[in-house]
Amino acid sequence: MKNLIRKQIIDYSDEKIFCFGIICHECGKIRKSTPIRFSKAGEIPQSESKKIIFRILYEREHEQALEKAVEEAANFFNLCPHCGKFVCDDCFLICEDLDVCRSCAEDLQEIGEPSSFAGWISG
Ligand SMILES: [Zn+2]
Ligand SMILES: [Zn+2]
């Protein structure tokens with residue numbers, strides 16, 4: 001599941017903020033992760049070696065932020081077992097027998113409620 005999410009993640013990070021997004025394949029909305037500030041944001045490296053250190057730090061923090069974003073996403077993104085689409089909680093219905101995405105629920109005539117969504121900012 002996490003590897004799948006990783007593949008779907010869009011990187012919105014810039015030199016100061018780490019931020020990631022993921023698109024729901026059903027409603028097309030992008031959910032963005034909680035932005036995390038780079039610890040050296042705004043600081044100018046005073047030497048060549050500092051520059052290298054900053055870059056290593058950036059890469060490390062970027063990786064950690066990505067890891068966190070993947071974990072966040074795992075809480076409110078679902079893989080539809082029928083069509084294999086990756087959908088947000090708004091578009092994933094908890095049905096009586098099989099939980100599926102909205103379109104599949106229609107196809108299969110399953111009636112369900114969306115699982116509650118409380119997480120990323122949509123936009
Ligand atoms: Zn959705
Ligand atoms: Zn589906």
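The expected span of a helix is 1.5 Å times one less than its number of residues, and helices here are DSSP runs of H or I with at least four residues, while strands are runs of E with at least two, both numbered from the N terminus. By that rule the 29 residues of helix α2 should span 42 Å, and the end C-alpha atoms of α2 are 42 Å apart, which agrees. This is a predicted model, in which local features need pLDDT of at least 70 and side-chain atom pairs count only at pLDDT 80 or more, whereas totals for chains, interfaces and linings use all residues. Residues are numbered from 1 along each chain as its sequence is written, and chains are lettered from A and ligands numbered from 1 in the order in which they are written.

**Overall form**

- The protein chain has 3 helices and 11 strands, and their order along the sequence is α-β-β-β-β-β-α-β-β-β-β-α-β-β.
- The radius of gyration of the protein chain, taken over C-alpha atoms, is 18 Å, whereas a compact globule of 123 residues would have a value near 14 Å; the globule rule is 2.2 Å times the number of residues to the power 0.38.
- Taken along the principal axes, the box filled by the C-alpha atoms of the protein chain is roughly 65 × 25 × 20 Å.
- Of the 123 residues, 21% count as buried, a term that requires 20 or more other C-beta atoms within 10 Å of a residue's own, with 12 or fewer for exposed, partly exposed in between, and C-beta atoms placed from the backbone.
- Among contacts in the protein chain with a separation of 6 or more, 44% are between residues 24 or more positions apart; a contact means that the C-beta atoms of two residues, placed from the backbone, lie within 7 Å.

**The core and helix α2**

- The largest nonpolar core, where a core is a set of buried Ala, Val, Leu, Ile, Met, Phe, Trp, Tyr and Cys residues joined through C-beta atoms within 7 Å, has 20 residues, of which Val87, Cys88, Cys91, Phe92, Val100 and Cys101 touch the most other members.
- At least two residues of this core come from each of β3 (20-23), α2 (48-76), β7 (86-88), β8, β9 and α3 (102-107), and α2 supplies the largest share, with 4 residues.
- The buried residues of α2 are Ala65, Ala69, Val70 and Ala73, and they pack against α1, β2 (17-18), β3, β5 (36-37) and β6 (77-79).
- Lys7 belongs to helix α1 (residues 2-8) and is exposed, because 8 other C-beta atoms lie within 10 Å.
- Although Lys7 and Val70 are 63 residues apart along the chain, their C-alpha atoms are separated by 9.8 Å.

**The sheet of β9, β8 and β10**

- Strands of a sheet pair through backbone hydrogen bonds, either parallel or antiparallel, and two strands are taken to pair if DSSP finds at least two bridges between them.
- An open sheet of 3 strands runs in the order β9-β8-β10 with antiparallel pairing; β9 (100-101) and β10 (112-114) stand at its edges with a single partner strand each, so one side of each has no neighbour in the sheet.
- Strand β8 (residues 92-95) is joined to β10 by 3 antiparallel bridges, with Ile94 opposite Glu113 and Leu93 opposite Pro114.
- On the β9 side, β8 pairs in the antiparallel sense over 2 bridges, Leu93 has Val100 as its bridge partner, and a hairpin of 4 residues joins the two strands.

**Strands β1, β3 and β4**

- Strand β1 (residues 10-11) pairs with β3 in the antiparallel sense over 2 bridges, and Phe20 in β3 is the bridge partner of Asp11.
- β3 and β4 form a hairpin with 6 residues between them, and Gly28 in the turn has a positive phi of about 75°.

**A loop residue with positive phi**

- Gln109 lies in the loop between α3 and β10, and its phi is near 55°, a positive value in a residue other than glycine.
- Gln109 is exposed, because 7 other C-beta atoms lie within 10 Å.
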